[in-house]
Amino acid sequence: MWTVPNLITLFRVILIPVFVGVYFLDWRWAHEAGAFIFWLAAITDWFDGYLARKLEQSTPFGAFLDPVADKLIVGAALLMITHSYGSLWITIPAIALLVREIYVSALREWMGQNGVREAVKVSFIGKAKTTAQMLAIIGLLSGLESFMGIPLYWVTLGHILLYIAAVLSIWSMIIYSRAAWPHLSAGLKDKI
């Protein structure tokens with residue numbers, strides 16, 4: 001149970017209150033530090049999966065904890081950016097991302113209980129959504145458009161990537177729903 005990948009995932013969960021606390025500190029670089037902590041958590045998400053495969057240390061506990069850790073930190077970050085920006089243009093895609101995460105998690109759980117989880121395994125579109133989402137959140141959390149007079153446009157890029165992530169999110173939700181539909185409709189027919 002306590003493999004290196006699982007410990008890294010647990011570290012990501014522990015980072016959540018640290019990330020939130022640092023972001024809301026009354027300190028000049030608090031948002032940038034919070035964005036860095038979120039970036040660190042995003043990197044550990046990739047790293048724990050890589051190590052689990054490389055070291056052949058995949059466990060049922062890790063398979064459960066990894067997506068939970070992802071949803072928790074992304075959910076917290078999306079709430080934080082909607083609070084910080086107070087804009088409908090941030091809130092709408094953030095809601096789309098949160099709704100998709102909850103829906104797809106529930107769909108995968110249901111499919112797993114029925115022994116057909118493979119039908120809704122992670123796709124390329126889902127991975128592209130996650131990448132765009134993570135980069136968008138980092139850019140928006142940082143609040144940086146320039147650093148020491150050098151234009152960075154991280155916030156602008158964050159806005160663009162947030163919408164790309166929202167579109168990919170809805171697209172992947174449709175793909176997963178279509179893949180699951182034969183199993184869902186068969187379950188409905190059995191109940192009627």
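Reader: Leaving aside its neighbours within four places in sequence, which residues is Asp 48 in contact with?
Author: This is a predicted model, in which local features need pLDDT of at least 70 and side-chain atom pairs count only at pLDDT 80 or more, while totals for chains, interfaces and linings use all residues. Residues are numbered from 1 along each chain as its sequence is written, and side-chain values use heavy atoms, with hydrogens and water left out. Contact means heavy atoms within 4.5 Å. With those neighbours set aside, the partners of Asp 48 are Pro 5, Ile 8, Thr 9, Arg 12 and Asp 66.

Reader: Is Asp 48 buried or exposed?
Author: Asp 48 belongs to helix α2; helices (H or I, at least four residues) and strands (E, at least two) are DSSP runs, numbered from the N terminus. Buried means under 20% relative accessible area, exposed over 50%, and partly exposed in between, with a 1.4 Å probe and protein chains only. Asp 48 has 3% relative accessibility, so it counts as buried.

Reader: Which residues are linked with Asp 48 in a network of salt bridges?
Author: A salt bridge is a side-chain nitrogen of Lys or Arg within 4 Å of a carboxyl oxygen of Asp or Glu. By this rule the count comes to 9 salt bridges. The network that holds Asp 48 also takes in Arg 12, Asp 45, Asp 66 and Asp 70.

Reader: How many residues apart are Asp 70 and Arg 12?
Author: Asp 70 and Arg 12 form a salt bridge, with their closest N and O atoms 3.0 Å apart. The pair links distant parts of the chain, Asp 70 being in helix α3 (residues 60-85) and Arg 12 in helix α1 (residues 4-23). Asp 70 is buried because its relative accessible area is 16%, and Arg 12 is buried because its own is 1%.

Reader: Glu 101 forms a salt bridge with Lys 129; how far apart are the closest N and O atoms?
Author: Glu 101 also meets the side chain of Arg 100 in a salt bridge, at 3.3 Å from N to O. Both Glu 101 and Lys 129 are buried. For Glu 101 and Lys 129, the closest N and O atoms are separated by 2.4 Å.

Reader: Which way does α2 run relative to α5, roughly parallel or roughly antiparallel?
Author: Axes are lines fitted to C-alpha atoms, for helices over the stretch in contact, and angles run from 0 to 180 degrees between N-to-C directions. Helix α2 (residues 30-54) packs with helix α5 (residues 124-142) at about 165°, their axes 7 Å apart. Angles under 35 degrees count as roughly parallel, over 145 as roughly antiparallel, 65 to 115 as roughly perpendicular and the rest as oblique. That angle therefore makes α2, relative to α5, roughly antiparallel.

Reader: How many nonpolar residues are in the contact of α2 with α5?
Author: On the α2 side, His 31, Glu 32, Ala 35, Phe 38, Trp 39 and Ala 42 meet Met 134, Ile 137, Ile 138, Leu 141 and Ser 142 in α5. Ala, Val, Leu, Ile, Met, Phe, Trp, Tyr, Cys and Pro count as nonpolar, Asp, Glu, Lys and Arg as charged, and the others, Gly among them, as polar. In the contact of α2 with α5, 2 are polar and 1 is charged, while the nonpolar ones number 8.

Reader: What is the phi of Glu 56 near?
Author: Glu 56 sits in the loop between α2 and α3. Glu 56 counts as exposed because its relative accessible area is 73%. Its phi is positive in a residue other than glycine, with a value near 55°.
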